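Here is a friendly tour of a fold, written to be read with the model open beside you. Please have a look at the structure first, and then follow along.

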Amino acid sequence: MLMNGKTVLVSGVLNKYSIATHIANQVVDAGGKVILQIQGGMDHKKLSRVDAAVKDFPDGSVLGRVECDASSPESIRSAIAQAKEMAPELDGLVHSIGACNTERLVKHGIMYTTLEDFQGALNVSSFSYIAMVQEAEKAGMLKDGSSCLALSYLGGEKVVPHYDLMGIAKAALEASNRYLAAALGRRGIRCNILSPGPLKTAAGKGINDFEKIGWHVDANCFSPNRPTQVEAGKAALFLLSDLSMGITAEVLYCDGGYRQNGMHFNHKTPQEESPS
Ligand SMILES: NC(=O)c1ccc[n+]([C@@H]2O[C@H](COP(=O)([O-])OP(=O)(O)OC[C@H]3O[C@@H](n4cnc5c(N)ncnc54)[C@H](O)[C@@H]3O)[C@@H](O)[C@H]2O)c1
């Protein structure tokens, strides 16, 4: 199988809807093993959702779980050190973490973004990817030929309603990915971005008008409906596996073609609306 003998560190499993859960699911279904990196400080209820999300994974496919606060480089270092105790080397590393001050983002947008909001969003959503890769590399865990992957969104490339500060953080994430790819490329370590369309997850639902954005993408993508977490997980599996060996520094969109739609030609003309 595609991931036989491979171990992937997957961050960002919050519940069964998380994109990270679906990525981990695809990896273990393809014969691989995962180490889950979850946000530190979760209460009992949240931890039980993490457990429930991976309860059907094959026995032995989860090597362990490490906690991490992605806003703290110290915590990232410690999480990677704990992961090394579970697996000395990694074939893949997944950054599926995003957060910002949603209250201000949702209510006010870019014109009211503060330096503190900006730094917080870029720290958790962009720098933590660099820090995870740095720490894994320093710990000697990234095998030659391994694959690093982070999750972005169209709002990092183009203006999407209400995405504001997160769009800036995603743009920084995508640029970080290109420079990581350049720094590690000669060792055959690849770094790519997967950019799914809007998905109903805790993070997705934090965006104002999320439902409307979803309907818009459903109506204007080329596929019958916008892809789900399952398709995002499969695309991630491709980027983590040897099938994508020749691909690095790229952004792969998993949005049913929405981004390539240059004209939304589904409106009636005034004549069609009221024929005289
Ligand atoms: N849902 C969407 O519509 C969508 C679309 C494209 C990209 N993405 C991106 O996919 C990634 C995963 O999001 P998701 O949609 O699966 O939602 P999710 O809410 O399930 O996952 C977000 C994860 O970020 C983690 N996180 C937030 N702050 C953290 C911190 N300080 N330390 C450690 N972990 C922290 C959460 O614990 C959670 O596991 C994010 O980068 C998100 O921006 C989401």
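## Ground rules

Here a residue is called buried if 20 or more other C-beta atoms lie within 10 Å of its own, exposed if 12 or fewer do, and partly exposed in between, with C-beta atoms placed from the backbone. This is a predicted model, in which local features need pLDDT of at least 70 and side-chain atom pairs count only at pLDDT 80 or more, while totals for chains, interfaces and linings use all residues. Residues are numbered from 1 along each chain as its sequence is written.

A249 is not a glycine, yet it has a positive phi of about 65°. With 16 other C-beta atoms within 10 Å, A249 is partly exposed. You will find A249 in the loop between helix 9 (229-240) and strand 7 (251-254); helices (H or I, at least four residues) and strands (E, at least two) are DSSP runs, numbered from the N terminus.

D164 is not a glycine either, and its phi is positive at about 30°. D164 belongs to helix 6 (residues 164-184). Is D164 buried or exposed? D164 is buried, with 25 other C-beta atoms within 10 Å.

Seven strands make an open sheet with parallel pairing, in the order 3-2-1-4-5-6-7; two strands pair if DSSP finds at least two bridges between them. Strand 3 (62-68) and strand 7 are the edge strands, and each pairs on one side only. On average, neighbouring strands of this sheet are turned by 20° against each other, direction ignored. For such angles, axes are lines fitted to C-alpha atoms, for helices over the stretch in contact, and the angles run from 0 to 180 degrees between N-to-C directions.

Strand 1 (residues 7-11) runs parallel to strand 4 (residues 90-95), joined by three bridges, and V10 stands opposite V94 in strand 4. Strand 1 also pairs with strand 2 in the parallel sense, over five bridges, and here S11 stands opposite Q37. Seven of the seven residues of strand 2 are buried, so strand 2 is largely enclosed by the rest of the structure.

## Helix 1

Helix 1 (residues 19-29) is mostly covered, as 10 of its 11 residues are buried. Among them are I19, H22, N25 and V28. After helix 1 comes G31, with a positive phi near 95°.

## The nonpolar core

A nonpolar core is a set of buried Ala, Val, Leu, Ile, Met, Phe, Trp, Tyr and Cys residues joined through C-beta atoms within 7 Å. The largest such core has 69 residues, and V10, A24, V94 and A236 are among those with the most contacts inside it. Helix 5 (residues 115-138) gives the most to this core, with nine residues.

Which residues does A236 touch, not counting those up to four places away in sequence? They are I23, Q26, V94, L149 and L194, where contact requires C-beta atoms, placed from the backbone, within 7 Å.

## Around the ligand

The ligand has 27 residues around it, and S18, G98, T201, A203 and G204 come nearest; a residue is near a molecule if its C-beta atom, placed from the backbone, lies within 6 Å of it. Helix 7 (202-205) and helix 1 each supply at least two residues of this shell, and helix 7 gives the most, with three.

By class, the shell has 17 nonpolar, nine polar and one charged residues. Ala, Val, Leu, Ile, Met, Phe, Trp, Tyr, Cys and Pro count as nonpolar, Asp, Glu, Lys and Arg as charged, and the others, Gly among them, as polar.

Terms used. Two residues are in contact if their C-beta atoms, placed from the backbone, lie within 7 Å.
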